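Here is a short tour of one protein chain. Keep the sequence and the 3D view open as you read.

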Amino acid sequence: REAVVSTQSTGVIGIEARGFLIGPIMAQQMGIPFVAIRKKGKLPRECFSVKYEKEYGCDEFDMQKDALTPGQKVVVVDDLLATGGTLEAAAKLCQMAKASVLTHCVMFELEFLNGRGSLADPVVSLVRY
């Protein structure tokens, strides 16, 4: 918690679906907004979209265009860092909104896949394997 609080973040981004379990609680505890990134076609308003590769195929994420404001500084939350494709896609969506990622926060990191190496932003992981 301290590693994330110290970033001075103004928003928490949660990636579907397990990021929805962790992100809202973090945002509530920090007193800042929570923003959802979801699979293509599940959000009601106009969205930014990004296609990305995962370790077992391709997918596409959306984030509502009005979810972040330019200059906003966010923490991206997910359950797992494997190859880094999902977190990289989330960072691209934040860039499209002209927001910046301060750090990625994950519960588990599979170090042998070197996903951290594909990310431009710092990573905080609770468990490394």
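## Two exposed loop residues

Asn114 is exposed, because its relative accessible area is 52%. Exposed means over 50% relative accessible area, buried means under 20%, and partly exposed lies in between (1.4 Å probe, protein chains only). Asn114 sits in the loop between E6 and E7. Its phi is positive, at about 55°, although Asn114 is not a glycine.

Lys98 also has a positive phi, near 65°, and is a residue other than glycine. It lies in the loop between helix H3 (85–96) and strand E6 (100–109). Lys98 counts as exposed because its relative accessibility is 60%.

The model is predicted: local features need pLDDT of at least 70, side-chain atom pairs count only at pLDDT 80 or more, and totals for chains, interfaces and linings use all residues. Residues are numbered from 1 along each chain as its sequence is written, and side-chain values use heavy atoms, with hydrogens and water left out.

## The whole chain

How many helices and strands are in the chain? There are three helices and seven strands. Both are DSSP runs, numbered from the N terminus: helices (H or I) have at least four residues, strands (E) at least two. Along the sequence the pattern reads α-β-α-β-β-β-β-α-β-β.

The C-alpha atoms fill a box of roughly 40 × 35 × 25 Å along the principal axes.

Of the 129 residues, 45% are buried. Contact means heavy atoms within 4.5 Å. Among contacts with a separation of 6 or more, 54% join residues 24 or more positions apart.

Ser9 is found in the loop between helix H1 (2–5) and strand E1 (11–15). Asp79 is part of strand E5 (residues 73–81). Ser125 belongs to strand E7 (residues 123–128). Why do they count as buried? The table gives the values.

| Residue | Relative accessibility | State |
|---|---|---|
| Ser9 | 8% | buried |
| Asp79 | 16% | buried |
| Ser125 | 15% | buried |

Start with Ser9. Leaving out residues up to four places away in sequence, Ser9 touches Met30, Ile32, Lys73, Val74, Val75 and Leu102. A polar atom of its side chain lies 2.6 Å from the backbone oxygen of Gly11. For the backbone oxygen of Lys73, the distance to a polar atom of the Ser9 side chain is 3.2 Å.

Next comes Asp79. With residues up to four places away set aside, its contacts are Arg18, Ile22, Val106, Met107 and Phe108.

Ser125 touches Val106, Met107, Glu109 and Arg116, apart from neighbours within four places in sequence. Its side chain makes a polar contact of 2.8 Å with the side chain of Glu109. Another polar contact, of 3.1 Å, joins the side chains of Ser125 and Arg128. A polar contact is a pair of N or O atoms within 3.5 Å; within protein, one must be able to donate a hydrogen and the other to accept it, and residues adjacent in sequence count only if both atoms are side-chain atoms.

## A cis bond

Which form does the peptide bond from Glu16 to Ala17 take, given its omega? The bond is cis, with omega near 0°. Ala17 lies in the loop between E1 and helix H2 (19–30).
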